[in-house]
Amino acid sequence: MSQEIRSVVIAGGGTAGWMAASALARVLGPRLTITLVESSEIGIVGVGEATIPAIQQFNKLVKFNEDEFLKQTQGTFKLAIEFVNWWEKGQSYMHTFGPVGRDLAYIPFHHYWVYDQQTAGSLWDYSLNWFAATQARFSRVPKIPNTPLSGLTWAFHFDASLYAAYLSRLAQTMGVRRIDAKIAGVLQKPDGDVRALKLEDGRELEADFFIDCTGFRGVLIEQALKTGYEDWSHWLPCDRALAVPTERTSPLLPFTRSTALEAGWQWRIPLQHRTGNGHVYCSAHLSDEHARDQLLANLDSKPLADPRPIRFVTGRRKMLWNRNVVCMGLASGFLEPLESTSIHLIQVTIQRLILLFPHVGDHEARRQEFNRAASAEYEYIRDFIILHYYANNRVGEAFWDDCRNMKIPDSLAHKIELFRETAGIFCAADDLFQLSSWLQVMWGQGVRPRGTHPFVEAIAPHDRAGYLRDLRKLFAGAAQTLPGHAEFIAQNCAARPPGAA
Ligand SMILES: Cc1cc2nc3c(=O)[nH]c(=O)nc-3n(C[C@H](O)[C@H](O)[C@H](O)COP(=O)(O)OP(=O)(O)OC[C@H]3O[C@@H](n4cnc5c(N)ncnc54)[C@H](O)[C@@H]3O)c2cc1C
């Protein structure tokens, strides 16, 4: 394929389809005709309500006003994920966003903390996000005043259906044409490239380039192009979920909760108008009926609907760009939402597509680079998620015993060993999760180093103790000045009552 790309058809109008449509319209709008076809009869998956801080970059790209975006989507702020019962029953820890502590003299902060652990308090005493999350506080503070320390780092929870609808309105104001119809077939050229989508009403939708956002169906990338799927369920064996909304609870917590259960885990996502809940589980270890019972028994407010079942296979499409089709969202693969990474993967796939867009000419090199980067991205996140399952001490429980005894990817084994030796954490620049994330999850999951970097001793014990004490004081004090999360939302971004303009 080497002709100029002037028209793009996006198949599917869930979070992936409308994120792609609005971003492409914003950046490439003047050059491209963009059409999105979705089926209101099929609908969207309707989950995917927790994000990570990088989504702020996407919001900037599409020029969202953050308060307005939260009003439109019944959104709340997210400072962390709390992991309950993951390492052992009765234990919990947080993976907070933002830095933990502050590096000193070229040495990452945690070496000082590990060395002086007996007197230095908890690791999370050095995270402003942790203080704010556990006290249900929030404000937009990029820095702690009069210090060099970062303030809060935040992401969002939002209603998935409202998010797609909000993006849809935005994209259409930027010129994206929307068609509500079912795709009945994919028409290919003699060379195998896709020529058009055949709609159920007989229309043919031609384009130079196609983006497959049809969810688990993968109508173009798999049903037509037979791209293939790399199955990772030997590492991540959960394959089903049940999702159920419940009434809103108080206080409005600014974090997602993930509670490990008998053969999987339960999520809890607080929104302004309701709480999103779900149970991700492994069908080889737990029947659907038991999974439903466990979910309902662990809800902390009244259900608003019956639990809705979803099935999936963890893994990744072998290529995210095949011929003249790029896939994103659930059409590109599935990593369970333990670290809220799927919407992020959509966002980076869009960014990469914009950077490598095949405007004109032979694009083979761009396609290869796109696929290489996408594969690496998925694998970094996969390893991080496996860590939560593998490093558990829930001895005697069949599912957790299997997880602890599995053979993990070499890349993850290497990372764990580096940490065990001398608390070393080394992340590739393009790994989504960097030092403070790996540190919190390794520590929270009970991975312990045998020593630290010897350079720690270059700072006198008295100075080290003073440094750690001052940091703890600053973080705890700064949290005290923040308003409540619910109060902040009420003042700045409370959703309008249904029906209001
Ligand atoms: C249980 C679960 C929990 C999750 N939690 C999170 C989370 O907390 N955070 C996060 O980042 N991600 C999460 N995700 C992932 C997230 O839900 C998805 O990445 C996101 O919603 C994008 O979905 P999508 O747009 O790819 O697919 P969908 O929402 O399924 O949209 C598919 C679109 O394609 C259309 N379509 C399909 N077939 C046809 C056809 N033949 N003709 C016309 N149109 C068609 C549909 O109508 C729809 O518009 C979760 C996923 C699951 C399964």
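Mentor: Of the 501 residues in the protein chain, 57% are buried, meaning under 20% relative accessible area, with over 50% called exposed and anything in between partly exposed (1.4 Å probe, protein chains only). Keep in mind that this is a predicted model, where local features need pLDDT of at least 70 and side-chain atom pairs need 80 or more, while totals for chains, interfaces and linings use all residues. Residues are numbered from 1 along each chain as its sequence is written, and side-chain values use heavy atoms, leaving out hydrogens and water.

Trainee: How many helices and strands are in the protein chain?

Mentor: Those are DSSP runs numbered from the N terminus, helices being H or I with at least four residues and strands E with at least two. Counted that way, the chain has 15 helices and 21 strands.

Trainee: And what is the radius of gyration of the protein chain?

Mentor: We take it over C-alpha atoms and hold it against the globule rule, 2.2 Å times the number of residues to the power 0.38. The rule gives 23 Å for 501 residues and the chain comes close to that, so it is as compact as a globular protein of that length; its radius of gyration is 23 Å.

Trainee: What part of the contacts with a separation of 6 or more is between residues 24 or more positions apart?

Mentor: A contact here is heavy atoms within 4.5 Å. Among contacts in the chain with a separation of 6 or more, the share from residues 24 or more positions apart is 76%.

Trainee: How much of the ligand's area does the protein bury?

Mentor: Start with the polar contacts, which are pairs of N or O atoms within 3.5 Å (within protein, one must be able to donate a hydrogen and the other to accept it, and sequence-adjacent residues count only through two side-chain atoms). Backbone atoms do the work here: Ala-16 sits 3.0 Å from a ligand oxygen, Ala-50 is 2.8 Å from a ligand nitrogen, and Cys-213 is 3.4 Å from a ligand oxygen. Taken alone the ligand exposes 1000 Å² (Shrake-Rupley, 1.4 Å probe; for residues, only the protein chains shown count as cover). Of that area the protein buries 97%.

Trainee: Is Gly-48 buried, partly exposed or exposed?

Mentor: Gly-48 lies in the loop between β2 (33-38) and α2 (55-61). Beyond its neighbours within four places in sequence, Gly-48 is in contact with Phe-158, Ala-160 and Ile-343. Because its relative accessible area is 33%, Gly-48 counts as partly exposed.

Trainee: Which side chain makes a polar contact with that of Ser-332?

Mentor: Ser-332 is in the loop between β20 (325-327) and β21 (333-334), and it counts as buried because its relative accessibility is 3%. The polar contact, at 3.0 Å, is with the side chain of Tyr-378.

Trainee: Where is Pro-251, which is joined to Ser-250 by a cis peptide bond?

Mentor: Most peptide bonds are trans. The one between Ser-250 and Pro-251 has omega of about -5°. Pro-251 lies in the loop between β13 (240-246) and β14 (255-261).

Trainee: Lys-226 and Ala-423 both have positive phi; is Ala-423 buried or exposed?

Mentor: Lys-226, with phi near 50°, is in the loop between α7 (219-224) and β12 (229-231), and at 60% relative accessibility it counts as exposed. Ala-423 has phi of about 60° and is found in the loop between α12 (410-422) and α13 (435-444). Since its relative accessibility is 0%, Ala-423 counts as buried.
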